[in-house]
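Thanks for asking me to look this one over.

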Amino acid sequence: RYQFEPPKNITKTSKKNGVVGLDINTDNFAVTEISRGGKLLHSKVFKFDLRNKTSQQREDIIFNTMNKVVDYALSRKKDIVYEDLDFTKKRSELKDNYDKDYARMLSSFAYSKMLSQLMGRAYREGVILHSVNPAYTSLIGKIKYQVKYGISSHQAASYVIARKIYKLKENIKNKLTVHHKGKA
């Protein structure tokens with residue numbers, strides 16, 4: 001995967017200290033701090049509202065909220081781990097199967113702006129960033145950790161994102177039951 005690292009002389013974080021997992025959503029950034037061994041230490045949600053805002057207002061909100069995330073990681077001297085999401089395919093699927101509400105959500109979800117802000121601020125502050133494959137982070141988080149730790153689904157996803165950097169096993173076979181709807 002991808003690693004974004006500022007010059008060594010200004011680097012202030014390390015994954016040797018543990019990491020902060022970041023789940024980026026349309027209305028919040030969920031962050032979960034873990035130890036190097038994968039133990040959940042702390043989790044929180046930075047909420048924001050981008051609806052009915054001008055593009056400048058949205059940029060300011062993203063800027064201010066993402067700065068809080070970077071400050072949080074910096075205060076703990078921990079790298080940030082985020083999902084390497086790609087909306088190109090999702091946007092092209094909209095052309096074939098148009099859903100007005102989904103299209104609005106994707107267009108207002110300024111993921112590239114959020115990521116750009118994260119990278120810029122992290123670089124300036126000496127915070128190392130790592131991207132991980134987003135496969136099943138939400139599903140694993142909901143099934144395995146949400147109830148166990150009493151956290152939101154987004155916080156549970158950020159926990160799984162953080163754990164992925166250490167390649168920790170996420171076995172959910174015994175917790176998954178699939179129900180099929182249909183005629184009996």
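The points below go from confidence to helices, cores, single residues and salt bridges.

1. **Ground rules.** This is a predicted model, in which local features need pLDDT of at least 70 and side-chain atom pairs count only at pLDDT 80 or more, while totals for chains, interfaces and linings use all residues. Residues are numbered from 1 along each chain as its sequence is written, and side-chain values use heavy atoms, with hydrogens and water left out.

2. **Confidence.** The protein chain has a mean pLDDT (the predictor's confidence in each residue, from 0 to 100) of 84, with 77% of its residues at 70 or more. Confidence is lowest in helix H2 (residues 88-96), where the mean is 53, and highest in strand E4 (residues 40-47), at 98. Helices (H or I, at least four residues) and strands (E, at least two) are DSSP runs, numbered from the N terminus.

3. **Helix H1.** This helix covers residues 55-76, and its 22 residues reach 32 Å from first C-alpha to last, close to the 32 Å expected at 1.5 Å a residue. The expected span is 1.5 Å times one less than the number of residues. Its buried residues (under 20% relative accessible area with a 1.4 Å probe, protein chains only; exposed is over 50%, partly exposed in between) include Ile 61, Ile 62, Met 66, Asn 67 and Val 69. Their cover includes E2, strand E3 (28-34), E4, strand E5 (79-83) and H4. Just after H1, have a look at Lys 77, which takes a positive phi of about 60 degrees.

4. **Helix H6.** Nine of the 12 residues of H6 are buried, so this helix is largely enclosed by the rest of the structure. The buried set runs through Gln 155, Ala 156, Ala 157, Ser 158, Tyr 159, Val 160, Ile 161, Ala 162 and Arg 163. Elements covering them include E2, E3, E4, E5, strand E6 (129-132) and H5. From first C-alpha to last, H6 reaches 17 Å, close to the 16 Å expected.

5. **The cores.** A nonpolar core here is a set of buried Ala, Val, Leu, Ile, Met, Phe, Trp, Tyr and Cys residues joined through side-chain atoms within 4.5 Å. The largest has 25 residues, and those with the most contacts inside it are Leu 22, Phe 29, Met 66, Val 69, Ile 80, Met 114 and Leu 118. E2, E3, H1, E5 and H4 each supply at least two residues of this core, and H1 gives the most, with eight. Beyond four places in sequence, Phe 29 is in contact (heavy atoms within 4.5 Å) with residues including Leu 22, Phe 46, Met 66, Val 69 and Met 114. Apart from this core lies another, of 16 residues, among them Ile 34, Leu 40, Ile 140 and Ile 151.

6. **Ser 158.** What is the relative accessible area of Ser 158? The value is 0%, so Ser 158 counts as buried. Its side chain is joined to that of Thr 32 by a polar contact of 2.5 Å. Such a contact is a pair of N or O atoms within 3.5 Å; within protein, one must be able to donate a hydrogen and the other to accept it, and residues adjacent in sequence count only if both atoms are side-chain atoms. Not counting residues up to four places away, Ser 158 also touches Gly 21, Leu 22, Asp 23, Ala 30 and Val 31, among others.

7. **Salt bridges.** With a side-chain nitrogen of Lys or Arg within 4 Å of a carboxyl oxygen of Asp or Glu as the rule, the count comes to eight. Glu 170 bridges to Lys 144 at 3.5 Å, N to O. That pair links distant parts of the chain, 26 residues apart, with Glu 170 in the segment after helix H6 (153-164) and Lys 144 in helix H5 (residues 137-149). Glu 170 also meets Arg 163, at 2.5 Å. Each of these residues is buried: Glu 170 at 18%, Lys 144 at 17% and Arg 163 at 10%. Elsewhere, Glu 125 and Arg 121 form a bridge of 3.3 Å; they are four residues apart in helix H4 (residues 111-125), so about one helical turn separates them.
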